[in-house]
Amino acid sequence: MSIASPCIDICKFDSKTGFCVGCLRTRDECKSWKKMKDKQRRRIVEDRSHRERKLGK
């Protein structure tokens, strides 16, 4: 089963971390999501809590 995109249509990037404040992916990750293998996608999704802490959420 394919890993769904975590996008929530906010698409505003934090200048300090480079993460989208909505889905917590970088611009490059957002752009290449469709081409990524599920292993790469899963790693990004599983890293969400770490990225939230970096963003200060």
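This tour visits the salt bridges of the structure, one selection at a time.

The structure is a predicted model, in which local features need pLDDT of at least 70 and side-chain atom pairs count only at pLDDT 80 or more, while totals for chains, interfaces and linings use all residues. Residues are numbered from 1 along each chain as its sequence is written, and side-chain values use heavy atoms, with hydrogens and water left out.

A salt bridge is taken as a side-chain nitrogen of Lys or Arg within 4 Å of a carboxyl oxygen of Asp or Glu. By this rule there are four salt bridges.

Select Arg51 and Glu29 to begin. Their side chains form a salt bridge, at 2.7 Å from N to O. This pair links distant parts of the chain, 22 residues apart: Arg51 lies in helix 3 (residues 48-55) and Glu29 in helix 1 (residues 27-32). Helices are DSSP runs of H or I, at least four residues, numbered from the N terminus. Both Arg51 and Glu29 are buried, that is, under 20% relative accessible area with a 1.4 Å probe and protein chains only; exposed means over 50%, and partly exposed in between.

Proceed to Arg48 and Glu52, whose side chains meet in a salt bridge of 3.5 Å, N to O. The two residues are four apart in helix 3, and therefore about one helical turn separates them. Arg48 is partly exposed at 30% relative accessible area, and Glu52 is partly exposed at 26%.

Finally, select Arg41 and Asp38, a salt bridge whose closest N and O atoms are 3.7 Å apart. Arg41 counts as buried because its relative accessibility is 9%, whereas Asp38, at 25%, counts as partly exposed.
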